[in-house]
Amino acid sequence: MYRILIVDDEKFERDCIRFLIESSDFSLEIMEADDGAGALDILQSTPVDILFTDVQMPVMDGLELIRRSKELMPELKLIIFSSYADFEYARTALTLGVENYLLKPVVAEELTNMLSTLIRQLDEERDSRLQMDRQQTFLLQYTLQLAISDNLAYEKADAAILKQLDTFQLMILLDFNTSFLQKNYSAFYDTLQEHLLPDMESLNPSPNQALLFLRTIPEPPTFWDSVFLPFIRQHFQVDCYLSVSNPLSQYSSLKDAFSAVEQQMEQRFWMPDKRVFTSASENSTPESPENIDDNQQINLIKTALSIKNAEALQQNLDILFQKYRLSSNQSQIYVKFIFSNLITVFYPYLPAEYCDNAGSLDTFISRVYLQKDISEIIALTQELADRISASFSQNTDYIRKEILLIKEYIHENYSKELAVETLASIVYLTPDYLSRLFKKATGKSLSQYIRQYRMERAKEFLLHTNKKVIQIGVDVGYSNYSYFCQSFREYYGTSPEKYRQENFS
């Protein structure tokens, strides 16, 4: 919708012009001023497309208003109207670029024809600007694509386009788990630009990647975790990983910056729970505490398999898992090669019926190479190890001494924080191994067992003491009263207060 400003010191005249415009089919937003000075104030704060002004007015006449408004808005369309058919007015108006002159009283048909012409001109100018903007955007994106590819042809691009490259301050690589951008790229980009990052450009390297070029650096540094990612989840119901460059002035070229964000994105293989990667996160991954030899470790696993020792198999696997959970000094391809070799060692020991259903050795190896992060590779390897260990012994009733010690510790310390790392340290096992051992021995995970014991103790306190519910929650290990009530309701189907009222003895 275009905006027209009507300027006349006579309210009756303004009302007549407004009535004629509103009676037509024009979609115009109408503003008014009663003299040139008031109109100039409006023009200084509000974009206007058409200025419709009288000539003779107090404070500032129409011709002076036109002179000053053209300085503010050179593209402004002008109409003057006056009750004086004076040649001098017309001649002065022509020198100011006014091509549209109406005499009072304004004839409806003349006004309609004149506005139709002006609106058509405005439409053509808008379309021309949009076309030019699209061409400029295409040329800029094309040049950016050449620049990150280090194709020297980009240096021959238009000087104005090359100058724009220097305005970018930050590069962001977005990586989605799916081909989300294949059908949603335009909507995704437009939404980001409208609501979050107005001064940016983008490329779409692949159906699951977007590359953003920002002319301003968002503040604070937590913007990406606290604002950007939640915005994407809310508006598109998808999640993604971000690799954020250093300020682009620190790189010798856009190609170097792009290589840096690609390399940073590799960190997601080692830290799948992390969403935002920067140059700082490259050095934040702790190194493995043990410098083990992969071939030696696989040989130990082979020995455990040959003697059917499930415990030795798991312990040696945990050492290998620990190394590759913590260390990112190897390439993804090398890590996948190591684990594919390990699965090749496993395959002859897998139960035949499991292989019949799950697939061939090539199927398992393909699954390894298709995984996006180390945790998924470890989970697949562990699944196969569990199948093999289960085939070594069918004695599921045997409960190890370590499990009894853990149960005893839980019973004596249920009011305290019971982290799996703390429990594992008591019996000198790794947290993962203890969790699997406990689940195998009891049929419950550690968290399920702890919750069950705490709920049973809470029930006893409710039925046989006069303690307040909030204190009972603290006594059984829940410092958060709301969370205690929620857990109790989920376990017993009712709130603690109601349970006490219905069962108090």
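Residue numbers start from 1 along each chain as its sequence is written, side-chain values use heavy atoms, and hydrogens and water are left out. Because the model is predicted, local features need pLDDT of at least 70 and side-chain atom pairs count only at pLDDT 80 or more, while totals for chains, interfaces and linings use all residues.

## The parallel sheet

Five strands form an open sheet in the order β2-β1-β3-β4-β5, with parallel pairing. Helices (H or I, at least four residues) and strands (E, at least two) are DSSP runs, numbered from the N terminus. Two strands pair if DSSP finds at least two bridges between them. The edges are held by β2 (28-33) and β5 (101-103); each has a single partner strand, so one side of each is left without a neighbour in the sheet. On average, neighbouring strands here are turned by 20° against each other, direction ignored. Axes are lines fitted to C-alpha atoms, for helices over the stretch in contact, and angles run from 0 to 180 degrees between N-to-C directions.

Strand β1 (residues 2-7) runs parallel to β2, joined by six bridges. I4 faces I30 of β2 across this pairing. Helix α3 (residues 62-72) packs on the sheet and touches β1, β3 (50-54) and β4 (77-82). Contact means heavy atoms within 4.5 Å. The direction of α3 makes about 160° with that of β3.

## The mixed sheet

A second open sheet of five strands has the order β7-β8-β6-β9-β10 and mixed pairing. Here β7 (200-206) and β10 (276-277) stand at the edges; each has a single partner strand, so one side of each lacks a neighbour in the sheet. Strands of a sheet pair through backbone hydrogen bonds, either parallel or antiparallel. The table lists pairings in this sheet.

| Pair | Sense | Bridges | Opposite residues |
|---|---|---|---|
| β9 and β10 | parallel | two bridges | S243 and F277 |

Helix α8 (residues 223-236) touches β6, β8, β9 (240-244) and β10, and its direction makes about 140° with that of β9. Helix α9 (residues 254-265) lies across β6, β8, β9 and β10, running at about 40° to β6.

How covered is β9? Five of its five residues are buried. Buried means under 20% relative accessible area, exposed over 50%, and partly exposed in between (1.4 Å probe, protein chains only). In a regular strand the side chains alternate between the two faces of the sheet. Both faces of β9 are covered: C240, L242 and V244 are buried on one side, Y241 and S243 on the other.

## A nonpolar patch

F138, L139 and Y142 make a nonpolar surface patch of about 330 Å². Patches are made of residues with over 30% relative accessible area and no salt bridge; like charges are joined within 9 Å, and nonpolar side chains (Val, Leu, Ile, Met, Phe, Trp, Tyr) within 5 Å. A salt bridge is a side-chain nitrogen of Lys or Arg within 4 Å of a carboxyl oxygen of Asp or Glu. Accessible areas come from the Shrake-Rupley method with a 1.4 Å probe; for residues, only the protein chains shown count as cover.

L139 lies in helix α5 (residues 108-149). L139 is partly exposed, at 36% relative accessible area. Y142 also lies in helix α5 and is partly exposed, at 48%. The C-alpha atoms of Y142 and L173 are separated by 17 Å, with the two residues 31 residues apart along the chain.
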